[in-house]
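Look at the sequence and structure first, then read the points by topic.

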Amino acid sequence: MLKHAAELAIRRPGTVVAVWVVVLVVGLGLGGTVFGKLGGLGANVPGSQSQVTADRLNKIDPGADAIDGLVTSTTPGTVIAANAALQGRVAAAVADLRRIPGVAQATDSVENPAMTGDGQVVAIPVTFVSGISTHDENVALKATQARLRAIATPEFQVRVGGGPLISDALNTTAQSDASKAELISLPIVLLLLVVVFGGLLAASLPLVLAVCGVASTLLVLYGFSFATDLSVYSVQITTMLGLGLGVDYALLMVTRFKQERVGTPDIADCVRHTVSAAGRTVFFSGLTVAVSLVGLVVYPAPFLRSMGLAATAVVAVDMLAAVTLLPALLAKFGHRIKPASPKRSEGRWFGRFAAGVARRPLPVLLVIAAGLVTVATPVLSLTLSPGDARELPASSEARQVYDLSVAHFPGQSAADPLYVLVEGGAAKPAYLAHLRSLPGVVQSAQKTLPDGSAVLQLTPAGAVNGKVATGLVQTIRDEHQGAYVTGDSAHLVDFRQMLVDRLPYAAGVVLVSVFVLLFLFTGSVLIPLKAVLTNLLSIGASLGATVWVFQQGHFAGVFGSGLKGGLGALDLTVPPLMIAVAFGLSMDYEIFILGRIREARLAGEDARQAVVTGVRYTGRVVTCAAALLVIVFACFMTGGAAPILEFGFGLTFAVLIDATLVRMMLVPAVLALLGERAWWAPRALRGVHDRFGVAEAPVPASEELLSV
C-alpha cells in the first residue's frame, strides 16, 4: 500500500496536492461551522439511572432554565440592599421582566426574604417558562439580559450569568482558546522548524501537513455532528492532536528524506526510500495512536465516545497526509531541499548518552522508575467533578456571577439539587418525609405529578462532587423503595461507575491492539509488554502532576487567578481522555525509536549496541518532535477554560518526561538489561511474524550517521 502511495505521489504530485487543497478549503470553510453545534455533554451516561430519570422527568415535567442578575456597587464593600434609588430601579426591572414573553418568574433578594445575603449584592433570579422552544427561550434570554443590564448606573454594576449562559461562555471560550493557541503556536513552530532544517521550504512542509490536519479535524467534527453530540472542548483537543501529530510525522519524513538525498541523487528514488522506511514507521505509529484512542469508543458516555471517534479519525487523516501529501510535495519540490550534513560527529551525544545508560541499566531503571512513581502518588487522591462556572476564567462574567453568589450568599448550597422521582409517592407521605429528613439535606421542595408520582428536589450541603451529595444518591438508591435519583451529583456517581465497569473492556481493546501491532513491528512479545509498563509509569506521573497542580492547587494560580488554590477536583472528562491520548503519544515515540533499533539489528548489531545505535539515530528527531509538540500543547494553556488547561498541562508534562526520562533513559535501560531476551517470541508466533510482520528495511552497518 505504501509503495503504491509513493508511486502515485511521484507520478502525479499535482493531482495529490490538488485533492488536499480541496480538503483544506472545505475543512476551513464548511468545518468552521461546527462551533455552532457544540454543547456541554458532561457526565451524561445513556441508560444510567440518572439519565433515564432525567429523560422521564423532562417528558412529564420539562425543567425550566434560569439565569441570575447580580447588582453590585462600583465601590467594593458597600452595602446596597437598602439603597432606595436602587430598590426602585430593581423593582421596575423586575416588573418589566415579568412581562417578557417566555419569562415564568422574576424576583429579587430584597423582596424575597429567603434569599439572605450580606447586603453587598442584590440578586435578581429569572426563571423561563418550562418546555418552550429553543428559539423562544433565546429571544426571552436576550430581552432579559438587556433589561437587567439597563439597571446599571455609574454607581452600580450589573453582571448576568448562570444557567444556559455558562454553556454559552464555555463554548465562546473554547472557540477563542483554539484560535488563540493556533495563532501563537504556528509561527513559533515554523521558526523552530527553520532552525532544525536550516531552510524555509523544508520547515514549511510539516506546517503544511499540520494545517491540513487542523482543517481535516474541523471537517471530521462537522461530519460527526450529524451523528452524535459534540463537546465544547472537542475542537481544541482534536486540534491539538491534528497539529501536533502532523508536525511529528512530517518531521520524521522530511528528516529521512534529507538523509536519503546524501547518497541518492534521484529525487524519485529518495521519495521511494523515505516512504518505504520512515513512511512505514509513520504508518505503524498512526495505527498505534489510533487504536489507543479507539478504547474511548467502548465507553457509552457521548463525550468520550465522540472524542474517541473524532480523535481517531484525525490521527488517521494525519497519517494519510504524511504518506500521500508529503511525498507529493517532496517529489515536486524536493530538489530545493538541502541534503543532510554527512558529519560523523552528529548524533554522537545521544549515542554516548545511550551507551552510558546501557552500561548501568539497573541503577538507571530503579532511579527513574522510583521518581516517576513518586510523582504519580497524587493520583491516589484524584477526585472528579462534573464542572461548573469555576472552569471559566476569572475574567468571564458567568464566572464572576458564580463567585459573587458564593461569597455574598453564604446560605446557598454549592451543590445543585438532586431530583428524586418516587413512583406512587402521593401514597407514601412517610417515605417522602424520610427523604426530606436525610442527613445532609439543607433544603427541599415537593411536587406531585398527574400519575400520582412525586418529585422531590433535595439540595444537599457541600459541593456537587462532595461526600454529602454523592452519599445521598447512594443512600436513596440502596434503600430500594421505588425512588429514582437524577441531578448533577447522580450523573457524577453514574459516570464514575461507568468508568469502572467499562475500564477492563477499554483497556483490553487498547492493549490487545497495541500488542499485536508492536509484535508485527518488532517480532517480540516482551517489547510490547515493556512498552505498556513504561507508558503506564509516564501516564501516572503526568496525571499525578495534573492532580497536584489543578486539584490540590500547587502553583495553579500561574494559569489564572481563578484557579488559585485549586479546584478541589479535575473535570471528569479530563483523566480518561488524557490517559488515552498520552498513551498514544507515548507509543508514537516508542515506534520512532524501535524502528531504528530494528534496523540496526537487521544490519547485524547485537541487542545492546542496536539500542545505542537506535537512540543515536532518533535522539534528535524525537527530541525535536517532542519540543514542537510541547509548544503546541503549551500554547493551548494560554486559554482560560479549566478542562483545556488541565488537559494541555497533563499532555505537556507527559511529552516532556516521555521524550526525556522514558524514551532516552528508561527504555534503553530496560532493553539493555534484557539484551537478546527482549526480542524473544515463541516459535509459533515467530512464524506468524515471518508471514505477516512488517519492519523497515535494514540499514547497512557501515552507513554514515546523517544529521538533520
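Ala, Val, Leu, Ile, Met, Phe, Trp, Tyr, Cys and Pro count as nonpolar, Asp, Glu, Lys and Arg as charged, and the others, Gly among them, as polar. The model is predicted, so local features need pLDDT of at least 70 and side-chain atom pairs 80 or more, while totals for chains, interfaces and linings use all residues. Residues are numbered from 1 along each chain as its sequence is written, and side-chain values use heavy atoms, without hydrogens and water.

**Cavities**

- A cavity is a set of points on a 1 Å grid over the protein atoms alone where a 1.4 Å probe fits but cannot get out, and lining residues have an atom within 4 Å of a point.
- Grid points are joined across faces, edges and corners, and a volume is the space filled by probe spheres set on the points.
- The whole structure holds 4 cavities of 30 Å³ or more.
- The largest cavity contains about 110 Å³ of space.
- Its lining has 5 nonpolar, 4 polar and 3 charged residues.
- The second largest cavity has a volume of about 70 Å³, and its lining has 3 nonpolar, 2 polar and 5 charged residues.

**Helix 2 and helix 11**

- Helices are DSSP runs (H or I, at least four residues), numbered from the N terminus.
- Pro 13, Val 16, Val 17 and Trp 20 in helix 2 meet Leu 325, Ala 328, Leu 329 and Lys 332 in helix 11, where contact means heavy atoms within 4.5 Å.
- The residues of this contact comprise 7 nonpolar, no polar and 1 charged.

Terms used: Helices (H or I, at least four residues) and strands (E, at least two) are DSSP runs, numbered from the N terminus. On a 1 Å grid over the protein atoms alone, a cavity is a set of points where a 1.4 Å probe fits but cannot get out, and a pocket is an open set with protein on both sides within 12 Å along at least five of seven lines; lining residues have an atom within 4 Å of a point.
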